[in-house]
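Work through the exercises below with the sequence and the model open. Each task is followed by a solution in steps.

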Amino acid sequence: MRLALRAASLGAAAALRLPDPVIRAIVGRPVQVEGARLSPTAQLLIALERFVPRSEPLANPDMAAARRDYDIVSSVLLAGAASDVRVHDTVVDGARGPLAARVYSPPGTSGPLPVLVFFHGGGFVLGSITSHDGVCRFLSRHGGVRVVSVEYSLAPEHPYPAGVDDAHAAFRYIVSHVERFGGAEGVVGVAGDSAGAALAAVVAQRCVDEATTKPAFNLMLYPAVDGMSQHRSRELFASGFFIDSDLLAWYRTCYSPDAERLFEPYASPLRAPDLRGLPPTCVVTAGFDPLRDEGVEYADRLREAAVPVTHLHREGMVHGFASFLACDKHARRAMRDAAAELRRMAAAAWSSNPLNHRS
């Protein structure tokens with residue numbers, strides 16, 4: 001099974017590297033929704049997904065198998081991303097004990113750098129530092145930051161708020177031991193994709209609420225910020241666009257069996273009553289994503305709360321596009337834009353902090 005999964009994933013990665021005209025000849029007419037056109041690589045990926053023989057958690061909820069398969073597919077699709085980045089594994093303190101973490105440093109750098117604490121996606125159920133290794137390599141290489149990717153407690157074994165508590169504790173630990181991670185005081189940001197982006201948002205909100213050191217900046221990739229969302233994009237892209245409503249509902253049930261708790265701001269950061277005081281934030285949304293509209297609304301609410309915010313909308317992309325950046329030129333271009341904004345936010349935080357001076 002694992003060999004077949006790896007082989008199918010390698011085939012998909014190779015197909016995604018074909019020229020756009022060849023891909024268009026394979027997939028046929030472009031998919032359009034409300035005037036927006038799906039990228040040819042995303043259309044091909046959706047067509048190929050049905051041939052990838054991975055465990056189906058909705059039909060057979062073997063969490064170990066689902067997580068293993070998720071890591072295999074992600075690792076293959078991200079293979080070769082920023083291979084010159086320096087990497088080492090470590091641990092950080094979580095809410096209930098040590099958590100696995102991985103540190104990424106850009107090539108050719110020495111001395112302190114801005115630090116980015118990264119939380120992986122996967123619906124709060126799947127994902128690991130392994131599945132998002134290539135994403136973190138890319139952000140470190142092109143964002144000019146030292147990335148600390150942190151694992152957190154996953155549902156359903158550890159439902160909400162376990163993951164939130166781990167993410168917050170890990171951020172606090174890294175801030176308190178920033179020199180150990182090659183950083184400097186006052187310039188530690190947060191980031192994540194999908195569920196991880198929600199954790200990044202909650203860490204920032206909780207630090208503001210508790211009047212503790214908040215992140216210096218925040219990068220949110222296609223964030224899952226409303227667990228009880230009824231946004232229109234959930235209906236528009238309910239099926240056929242890489243993730244569907246059934247999978248999202250399963251994630252939601254795993255994350256919080258008590259649906260009422262999903263109305264809490266730390267479960268659904270879009271529902272926070274007040275977003276004032278949050279750090280400069282970049283929100284990245286995808287045009288063919290069921291989570292599109294909640295990400296757009298979160299960016300709008302940040303702007304209304306006078307939070308410095310940049311909203312990068314990638315019209316032809318699907319949810320999870322960062323995980324295809326090594327083999328999908330369109331995803332890679334979108335991630336270069338996100339990394340450039342990360343670099344800008346990190347540089348601004350660094351230069352505005354009088355404690356930090358480059359030697």
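**Exercise 1. Helix 10**

Identify which residues of helix 10 are buried, find what they pack against, and check the length of the helix.

Solution. In this predicted model, the buried residues of helix 10 are Arg292, Asp293, Glu294, Gly295, Tyr298, Ala299, Arg301 and Leu302. Their packing partners are helix 7 (195-210), helix 8 (232-236), strand 8 (218-221), strand 9 (281-288) and strand 10. For the length, take 1.5 Å a residue: the 13 residues of helix 10 should span 18 Å, and the end C-alpha atoms are 19 Å apart, which agrees. After helix 10 comes Ala306, which has a positive phi, near 65°.

**Exercise 2. Salt bridges between elements**

Locate the elements joined by the Arg102 and Asp133 pair and by the Asp337 and Arg314 pair, and state whether the residues are buried or partly exposed.

Solution. The whole structure holds 20 salt bridges. In one of them, the side chains of Arg102 and Asp133 meet at 3.2 Å, N to O. This pair links distant parts of the chain, with Arg102 in strand 4 (residues 98-105) and Asp133 in helix 5, 31 residues apart. Arg102 and Asp133 are both buried.

In the Asp337 and Arg314 salt bridge, the closest N and O atoms are 2.9 Å apart. Asp337 lies in helix 11 and Arg314 in strand 10 (residues 309-318), so the pair ties together parts 23 residues apart in sequence. Asp337 is partly exposed because its relative accessibility is 34%. Arg314 is partly exposed, with a relative accessible area of 22%. Elsewhere, salt bridges with shared partners join Arg96, Asp165, Asp166, Arg206 and Glu210 into one network.

**Exercise 3. The aromatic pair of Phe124**

Determine the geometry of the Phe124 and Tyr255 pair and where its two members lie.

Solution. There are nine aromatic pairs in the structure. The rings of Phe124 and Tyr255 are 3.7 Å apart, centre to centre, with 10° between the planes, and the pair is stacked. Phe124 is in the loop between strand 5 (115-119) and helix 5 (133-143), while Tyr255 is in helix 9 (residues 245-255), so that the pair links parts 131 residues apart. Both Phe124 and Tyr255 are buried. Together with Tyr160, they form one aromatic cluster.

**Exercise 4. The nonpolar cores**

Find the residues with the most contacts inside the largest nonpolar core and the helix that gives the most to this core.

Solution. The largest nonpolar core has 62 residues, and those with the most contacts inside it are Leu139, Phe217, Leu219, Phe321 and Met335. Helix 11 (residues 329-352) gives the most, with 10 residues. Setting aside residues up to four places away in sequence, Phe321 touches Tyr222, Val284, Ala286, Ala331, Ala334 and Met335. A second, separate core has 47 residues, including Leu154, Val164, Ala167 and Val188.

Definitions and conventions. Residues numbered from 1 in each chain as written. Predicted model: local features only at pLDDT ≥ 70, side-chain atom pairs only at ≥ 80, totals over all residues. Heavy atoms only, no water. Core = buried A, V, L, I, M, F, W, Y, C linked by side-chain atoms within 4.5 Å. Buried < 20%, exposed > 50% of the residue type's maximum accessible area, 1.4 Å probe, protein only. Helix = DSSP H or I, 4+ residues; strand = E, 2+ residues; numbered from the N terminus. Contact = heavy atoms within 4.5 Å. Phe/Tyr/Trp six-rings, centres within 6.5 Å; stacked < 30°, edge-to-face > 60°. Salt bridge = Lys/Arg side-chain N within 4 Å of Asp/Glu carboxyl O. Expected span 1.5 Å × (residues − 1).
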